[in-house]
Structure formats: C-alpha cells, structure tokens
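Dear colleague,

Please find the structure below, together with its sequence.

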Amino acid sequence: MWHLGGTPASRLFMNLRESKNYAYFAACETQFLRAAGLLTVRAKVKPDSVVASIREIQRELLASAAGPLPSEDIEQAKAFLINHFPLEIESFDLLTERAVLNKAYGEGDDLWNQVYRQISLVNADRVFEVARRVLLRPLVIVVAGDKNVLSSKMNEFDTVEVYDNLGRLQYTATQNKKEPSHEAR
C-alpha cells in the first residue's frame, strides 16, 4: 500500500498536492502485526481543504481495492522501500526500535536477511488482495487542528467525536447535533 503515498511521485501525494493543491504533505504506510494490520494515511492539508482531502483519500483507497494497480506504481513503491530501509536503521535508536518491533511481532532474527527478498515478492495482485481485505473494514478518520476552524467543516460527516488535547472525549456530534459524551476515553 506504500504506492499511495510516501514519495513525491506517489499517487496520493500527486493527487492531494500537485493536482488539487490541498496538501503540503501526504503519505500512506502499512504495518503488519501478527493478528492484524494497520494502514495509516497522513496528510497535512489546508483547513479549507480538509473535507475535500478526506474524500480524495477515500477515493484513492477505494481505487486500490477496485483492481490491480499499474505495475509501475508497484515498482516505484518497492524501489522506495528498498532504498529507504537503510535509513530506517541508520542510527542506534532506529535500529533498536526496529529490533524491538521485530521481536514484538514475532518476526525472528532472519527478518533482517529477508527484507529485500520480501519486498521483491510484492506484485500488483498481492497489493490488490491486501487492499481488498483491509478496506472491507470501516475507516477511522482522525482530523487534528483548531476546533474553531474545523468544526464547521465536519458537518458533512455522519458522526464526529471531538477530543481534547489530552485525548479525552468531549462530545459526539451527529448530523449537526451534539450528544453528551460518555466517560472520557
């Protein structure tokens, strides 16, 4: 799924920044855990473009689950991952974090020797299959910013939960109605 974002030539970056001029930055990355995976899309967008950016991100995600992506997109993403891997372990802190994650995920010591081989095995069909499985689940969309600026823009969504800067639920807005919050999460 790295094809969507992470490099200046990626689909997501090109869409949000170059084509639409909504974002300053856009990236998509995946993490595969033992029992699940996590797909994270991050974008730093202009406040006036928040809703349109979310819609474009959703459109890009759904497109990746609609059919295999062009092989040049996959090859570009693979090249990025292969070339970027040394940077992920270049400092002692990064190497330590990677080693801890490998142990936590139960990957074993051989993972270090398999990174390039595993990346090279990725193809459009495998990406398509993963995208279909991942995107069957509901998306969780997190928007961070000044609530005075963003609150009026969130009206297009069915349900919006508003949290304070400590992560406590303040209220839930449903179709422009505020419902009392449950205990802070």
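**Helix packing and an aromatic pair**

In this predicted model, S64, A65 and A66 of α2 meet F128, A131 and R132 of α6, where contact means heavy atoms within 4.5 Å. Helices (H or I, at least four residues) and strands (E, at least two) are DSSP runs, numbered from the N terminus. The residues of this contact divide into four nonpolar, one polar and one charged; Ala, Val, Leu, Ile, Met, Phe, Trp, Tyr, Cys and Pro count as nonpolar, Asp, Glu, Lys and Arg as charged, and the others, Gly among them, as polar.

Residues are numbered from 1 along each chain as its sequence is written. Local features need pLDDT of at least 70, side-chain atom pairs count only at pLDDT 80 or more, and totals for chains, interfaces and linings use all residues, while side-chain values use heavy atoms, leaving out hydrogens and water.

Helix α2 (residues 50-66) and helix α6 (residues 124-134) pack at an angle of about 125°, and their axes are 7 Å apart. Axes are lines fitted to C-alpha atoms, for helices over the stretch in contact, and angles run from 0 to 180 degrees between N-to-C directions. That angle makes α2 oblique to α6 (under 35 degrees is roughly parallel, over 145 roughly antiparallel, 65 to 115 roughly perpendicular, the rest oblique).

Helix α1 (residues 11-19) also packs with α2, at about 155° and with axes 11 Å apart. This makes α1 roughly antiparallel to α2. From α1 the contact uses R11, L12, N15 and L16, and from α2 it uses S53, E56, I57, R59 and E60. These residues divide into three nonpolar, two polar and four charged.

The buried residues of α1 are L12, F13, N15 and L16, buried meaning under 20% relative accessible area, exposed over 50% and partly exposed in between (1.4 Å probe, protein chains only). Their cover includes β1 (23-32), β2 (37-45) and α2. After α1 comes N21, with a positive phi near 60°.

There is one aromatic pair. The ring centres of F85 and Y116 lie 5.9 Å apart with planes at 85°, so the pair is edge-to-face (centres within 6.5 Å for Phe, Tyr and the six-membered ring of Trp; planes under 30 degrees apart are stacked, over 60 edge-to-face, the rest tilted). Because F85 is in helix α3 (residues 71-88) and Y116 in helix α5 (residues 111-120), the pair ties together parts 31 residues apart in sequence. F85 is buried at 6% relative accessibility, whereas Y116 is partly exposed at 37%.

Yours sincerely
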